[in-house]
Amino acid sequence: MSPPPWKFIGILGVLLTAFAAGMVRAADGPVIAAAADLQFALAEVAQRFTQESGKSVRLSFGSSGNFYRQIQQGAPFQVYLSADEAYPLALARQGLALNEGVLYAIGRIVILVPHGSPLQADAELKGLAAALTENHLRRFAIANPEHAPYGRAAQAALAKAALWDPIQPFLVLGENAAQATQFAIAGATQGGIVPLSLASSPQIAKRGKFALIAEDWHPPLRQRMVLLKNAGDTAQAFYRYLQTPPAREVFRRYGFTLPGEEE
Amino acid sequence: MGNGLKAWFWQSAPIPLAAELHCPGGETLALVGPSGSGKTTILRCLAGLLNPAHGAIACHDKSWLDTAHHLHLRPQARRVGFVFQDYGLFPHLTALDNVAEAVPARSRTARRARAREWLARVHLAGLEERLPRVLSGGQRQRVAVARALGREPDILLLDEPFSAVDRATRERLYREMAELKAALRMTTVLVTHDLQEASLLADRITVVHHGRTLQSGAPADVVARPATATVARLVGVRNLFTGYLRRFQAIECKAFIAWGEVELEAHTAVPPGAPGTACDWCISASKVILHRRDRPSRGERENPVRGEIIEYLRLGDEVLIGIAPYGVPAAIIRLTVSWHVAERNRLGLGETATVSLLAAGIHLMPVESVLRTVPDQ
Amino acid sequence: MDWPALWLSLELATWTSLILIPAALPLARILAWRHFRFKGFVEALVALPLVLPPTVLGYYLLVAFGSHAWPGKLFEALFGHTLAFSFMGILVASLIFNLPFAVQPLQRAFEAIPLSVREAAWCSGLSPWRTLWRIELPLALPGIASALALTFAHTLGEFGVVLMVGGNIPGETKTVAISIYDRVQAFDDEAAGMMSALLLAVSFLTIGMVFALTGRRVAPHG
């Protein structure tokens, strides 16, 4: 009989400890897919929801188009907050949503420049145009128009100012609106076109300046949310909560226009 | 002790084999041949590590291999003790545990006790708890031998077990091996390329070349009377020549060989071939007698050959001499004399010398033809 | 500090190692000691994840296990949910992606065992099983430890394939590597920095512990 293999036992012990520790999983709660521009606003709303109802939700942020595709592939989200209403409507048509959903906010875009950037932030993008003609623009961030509604809005605004073609070589595409904001503010670019809801949040606002771009420069960012097929009670409660005055107040604070209050 | 080992193997690929072995119980057989001659292959077949295309092995009347009846016992099922060239010791186990693994007893304590005895037998008492990497080459070899013996095998197989140690250690190990042999009377097959080692340790040798067994017999017999020129070369015979048979006198058992312009008389009962045919012949250096300048000796009348010394090499107290005989082109007779004899006879390069080739020492061999390809069973 | 993400990563790494190492052992052994016709092909296949872009693997896994393909349908029937966006999905991806990290060190370790040692074991009467347990595995132990360490550490760091196959589902597929990425996007540098430092420490700890375990084996005694 050979002596007990201490090395094996030691290694096994390491593994089992890690494994046992791993049994502690996150608190259960429905997973909410939310457009990236809701990064701060929705976090606050969710916190209030938990405080008031005692139930918790898990938030997952990303680009609306990405979530659309994942939901089609069976991703286990229970509520989907999109930045473009076309996606939830399509899901409803495909029978993947419980209903056609409801408009929860209307978004706006801004041009954001970090402190120290040579770019000027102005509503008509004149500063940007000047930087282009004077040839001292290095990099400019927007969300990827392919699957991010805020990217499409940025594209429209740039086209309106006749800057879309000249700016091509300098564009940096963020995977979603939050990443685009990250690129715009972190110093690797000289600025970007990002959601108002992110630019106006305390973390971002103190790091740069922004200017609101006119609504008619881009198709409206009609943000729609739906309950998905397997939505449970908590999800439905959350969905309802998002339409109540306290939630709407939070959205308003982050610069969203609320449905029914458009000018 | 048992009935010994009888085996034959034949295959054409991947390694050609055409071998026949026989080792009486309790004796040691040495497989001798140059590197790559197939001796290790044969040994591995005996152990069951390799299965030849055709063959059979019977060890002490137990059948280990019989290709005709699809019988191949695995190495574990054969009781063999194998000592590998690099010893194959288990590096993570102590000497004691190495040997204990092989002992066929049930309980761990019994195995360890027997292992201890075997290690003591190979003079390694006190080193039981050492790991192989802290042992010297000679000590490792002894552990390997102890492990092989610990298996209580029917047959001991040794694959060039002394090649990895220095000369002094080797000679000590030869003595110990000889002691063990005498004490255990174990049937042993030893593979070596060193004929001297074979002569020291083996009762019989089998000469192997290209996977074929060419000749078997007692070491002295094979060296003195090789069957063919190839065997002669393999066993290190230096004076190997070709001549042709002039005539054979059966009653007096004398054969007369023409060697260049020289005629030689050899004593042999059987002629190597028909008169007028070529034959190979050889003579051991000890049967080549130098004619002394100062006083004649008895054997000088037999087969005198005169020639010029063309090789003269002093090695310590001896001198290696090579003589090119007059009348025999491209032949060199080699012999060794002591230094003072060389001096006294004023031998040196270019000097003339005469030697006698003793008739009884000339060994005749038939010229080689195509060897038989399949051994009889 | 995203504790659930950290535990999830540790759990993924542990399960991957627990499943993959025992499965890799026989494969590594065969590759080390047997010669067969398609050996080169098998070795290339095993090594493929080393050079395969993670997103390529992610893509093929999504296609193969999506709800429209038969492996996906079978999986859904058995387990009630899709393979994508689930822990099992990223576990499958992790098993495939770590194959060379498990197999190659084991293969090297087995190759390093001289044939004469194994043959000596057989001639000493050890059955193939006893040879494996008593001789081969102890000698291959450094290789096993390396395979374990590499697989574990590599799994902790997996990002691309986990993101593609798993999405970013907190508590299910949001590993700490993804969480760091997520926190950076959320401008939460503090959390990102803390998790990165912790991950670095955990990686060091794992490797150091495993090397210490094997190091002790080599110390001479007596």
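This is a predicted model: local features need pLDDT of at least 70, side-chain atom pairs count only at pLDDT 80 or more; totals for chains, interfaces and linings use all residues.
**Exercise 1. Divide chain A into its assigned domains and describe the side of domain 1 that touches domain 2.**

Solution. Begin with the bounds. The domain assignment gives domain 1 as 31–106 + 222–253 and domain 2 as 107–217. Now take the centres over C-alpha atoms: those of domain 1 and domain 2 of chain A are separated by 26 Å. Then go to the contact itself, where 17 residues of domain 1 of chain A meet 15 residues of domain 2 of chain A. On the domain 1 side, at least two residues each come from α2 (39–53), β2 (58–62), α3 (64–72) and β4 (102–107) of chain A. Sorted by class, that side of domain 1 holds eight nonpolar, seven polar and two charged residues.

**Exercise 2. Inspect helix α8 (residues 177–186) of chain A: why can it be called largely enclosed?**

Solution. Count the buried residues, using the cut-off of 20 or more other C-beta atoms within 10 Å. Nine of the 10 residues of α8 in chain A pass, so the helix is largely enclosed by the rest of the structure. Going along the helix, the buried residues are A:Ala177, A:Ala178, A:Gln179, A:Ala180, A:Thr181, A:Gln182, A:Phe183, A:Ala184 and A:Ile185. After the helix, check the backbone: A:Gly187 follows α8(A) and has a positive phi, near 110°.

**Exercise 3. Find the largest nonpolar core: which residues have the most contacts inside it?**

Solution. This core has 134 residues, and those with the most contacts inside it are A:Val79, A:Leu81 and C:Leu106. Ask next where the residues come from. Helix α1 (residues 3–33) of chain C gives the largest share, with 14 residues. Domain 1 (31–106 + 222–253) and domain 2 (107–217) of chain A each contribute at least three residues.

Now zoom in on A:Val79. Leaving out residues up to four places away in sequence, A:Val79 touches A:Pro30, A:Ile32, A:Met225, A:Leu227, A:Leu228, A:Ala231, A:Ala235, A:Phe238 and A:Tyr239. Another core, of 106 residues, lies apart from the largest one, and includes B:Cys45, B:Leu190, B:Ala229 and C:Ala121.

**Exercise 4. Describe chain C, then the contact between chains B and C.**

Solution. Chain C has 11 helices and zero strands. Its C-alpha atoms fill a box of roughly 65 × 45 × 30 Å along the principal axes. Of its 222 residues, 47% count as buried. For contacts in chain C between residues at least 6 apart in sequence, 74% join residues at least 24 apart.

Moving to the contact, chain B gives 21 residues and chain C gives 16 residues. On the side of chain B that touches chain C, β7 (80–83) and α2 (95–102) of chain B are the elements that give two or more residues. The residues on that side of chain B divide into 12 nonpolar, three polar and six charged.

**Exercise 5. Trace the five-stranded open sheet of chain B: in what order do its strands lie, and which strands stand at the edges?**

Solution. The order is β14-β13-β12-β15-β21, with antiparallel pairing. At the edges stand β14 (262–267) and β21 (363–366) of chain B, each with a single partner strand, so one side of each is left without a neighbour in the sheet. From one strand to the next, the twist averages 45°. For one pairing in detail, take β12 (residues 239–249) and β13 (residues 254–259) of chain B, which are antiparallel and joined by five bridges. Here B:Tyr244 has B:Ala258 in β13(B) as its bridge partner.

**Exercise 6. Follow β17 (residues 304–315) of chain B: which strands does it pair with?**

Solution. One partner is β20 (residues 352–357) of chain B, antiparallel over five bridges. In this pairing, B:Arg306 stands opposite B:Thr354. Another partner is β18 (residues 318–325) of chain B, also antiparallel, over eight bridges. There, B:Leu315 is bridged to B:Glu318 in β18(B). To finish, look at the turn: the hairpin of β17(B) and β18(B) has two residues between the strands, and B:Gly316 takes a positive phi near 65°.

Conventions:
Residues are numbered from 1 along each chain as its sequence is written. Chains are lettered from A and ligands numbered from 1 in the order in which they are written. A nonpolar core is a set of buried Ala, Val, Leu, Ile, Met, Phe, Trp, Tyr and Cys residues joined through C-beta atoms within 7 Å. A residue is buried if 20 or more other C-beta atoms lie within 10 Å of its own, exposed if 12 or fewer, and partly exposed in between; C-beta atoms are placed from the backbone. Helices (H or I, at least four residues) and strands (E, at least two) are DSSP runs, numbered from the N terminus. Domain bounds come from an automatic or database domain assignment. Two residues are in contact if their C-beta atoms, placed from the backbone, lie within 7 Å. Ala, Val, Leu, Ile, Met, Phe, Trp, Tyr, Cys and Pro count as nonpolar, Asp, Glu, Lys and Arg as charged, and the others, Gly among them, as polar. Two strands pair if DSSP finds at least two bridges between them. Axes are lines fitted to C-alpha atoms, for helices over the stretch in contact, and angles run from 0 to 180 degrees between N-to-C directions.
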